[in-house]
Amino acid sequence: MSLRRQVPRAHPLHSVSFLLLLSSALHAAAQDCHFTVGELNYDLSSLGGVKTASRTRASPPSTFDDELRFDLCGELPHMDDRAEEDQCPSGTIACLVSTNNKGENSARITAVIPLAQSEPVPETSALSSPKGIAMTFYGDSYPPSSSNSVSQSLRIELACAESTSEPQFSSYENGQVLVEWSSPAGCGSTETPPPPNEDESKGGSGGEDKGGQTPMQGVGSGLGFFFLMLLLAFASYFALGAYYNYSTYGARGLDLIPHRDFWREVPYMLQDVVAHLCSNVRMRRSSRGGYIAV
């Protein structure tokens, strides 16, 4: 009698954990400058990039210059012409730098405050008068190691206007900087923006709607992306399962397939489903003649 070594099945939690990590990576929230408040959609990508707003505070015999740098659509880049300790850490989307001035050539940076980070997701609300959108971005407490730390944040009130103005540094109270801004992007729209296509990026008349082709292209691209993600998930599942079986149990050949017994039964399960459907169809057809076989 020949004995065959049985290879234990790979634990399903390993495959599930990998798929969860893959899903979270594919759906990681990144700032894309698109917000929805109520029934209005706001595309603020035109306002992306590093923006600055400043104010001057008198404190005789010196003055303080508060400079705010922020980016609605991404993290602030590193400044090569400024010392590392005079900059906010990486991952910051809004940074406040306070400089003290007394006389000529006496500028001295006294505070570097990271107001907001790329995470968490900002809070949004609608402005009633004037019409627009308000966004609040949050950061850590400052000073970081002090009993008097205050939570920092940046609130941007973007009003609807015909042209884009320069952002205005309105106030800094209780750890929150208020910036007032106006732009056509603050008006919002009830229409869902279509996904960009190659014709629009190349210009010309290719981006126009030709008999409803643009919605069909959007549906096709979304369906293709879904099947692509499904294919990648299955490939990752089999690759990780095979590696786990090989490294843990020394499996070879068909024993590398994760949950091999289940996949072996799949053709038979499909055959039973097809047979069941066919039998139901035959019963319905036979019942239409008015007689039932006994």
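β7 and β8 form a hairpin, with 4 residues between the two strands. The model described here is predicted. β7 covers residues 123-127 and β8 covers residues 132-142; the two run antiparallel and are joined by 5 bridges. Within this pairing, E123 has T136 of β8 as its bridge partner.

β8 also pairs with β9, the strand of residues 150-160. This pairing is antiparallel as well and extends over 9 bridges. One of the contacts is that of A134, whose bridge partner in β9 is E157.

## Disulfide C33-C73

The structure holds 3 disulfides. One of them joins C33 to C73, with an S to S distance of 1.5 Å. C33 is in the loop between α1 (12-26) and β1 (34-37), while C73 is in the loop between β4 (62-70) and β5 (92-101), so the bond ties together parts that are 40 residues apart in sequence.

The torsion about the S-S bond of C33 and C73 is about -125°, and the disulfide is therefore left-handed. As for accessibility, C33 is buried at 2% relative accessibility, whereas C73 is partly exposed at 25%.

## Disulfide C88-C95

A further disulfide is formed by C88 and C95, whose sulfur atoms are 2.0 Å apart. The link is right-handed, with 80° about the S-S bond.

C88 has a relative accessible area of 16% and is buried. C95 counts as buried too, at 4% relative accessibility. Both values fall under the 20% limit for a buried residue.

## Disulfide C160-C187

C160 and C187 form a disulfide in which the sulfur atoms lie 1.8 Å apart. C160 belongs to strand β9 and C187 to the loop between β11 (176-183) and α2 (198-202), so this pair connects parts that are 27 residues apart in sequence.

The S-S torsion of C160 and C187 is about 80°, so the disulfide is right-handed. C160 is partly exposed, at 31% relative accessibility, and C187 is buried, with a relative accessible area of 17%.

## Cysteine pairing order

With the bonded cysteines of the protein numbered in sequence order, the pairing reads 1-2, 3-4, 5-6. On the accessibility of another cysteine, C278 counts as partly exposed, at 35%.

## Aromatic pairs

A search of the whole structure finds 6 aromatic pairs. Among them is the pair of Y237 and F238, with ring centres 5.0 Å apart and planes at 65°, so the pair is edge-to-face. Y237 is buried at 11% relative accessibility, while F238 is partly exposed, with a relative accessible area of 32%.

F262 and W263 also pair: their ring centres are 5.1 Å apart and their planes stand at 70°, so this pair too is edge-to-face. The assignment follows because planes over 60 degrees apart count as edge-to-face. F262 is partly exposed at 44% relative accessibility, and W263 is partly exposed at 29%. Ring pairs link Y237, F238, F262 and W263 into a cluster.

Technical notes: Residues numbered from 1 in each chain as written. Predicted model: local features only at pLDDT ≥ 70, side-chain atom pairs only at ≥ 80, totals over all residues. Heavy atoms only, no water. Pairing = 2+ DSSP bridges. Disulfide = S-S within 2.5 Å. Buried < 20%, exposed > 50% of the residue type's maximum accessible area, 1.4 Å probe, protein only. Phe/Tyr/Trp six-rings, centres within 6.5 Å; stacked < 30°, edge-to-face > 60°.
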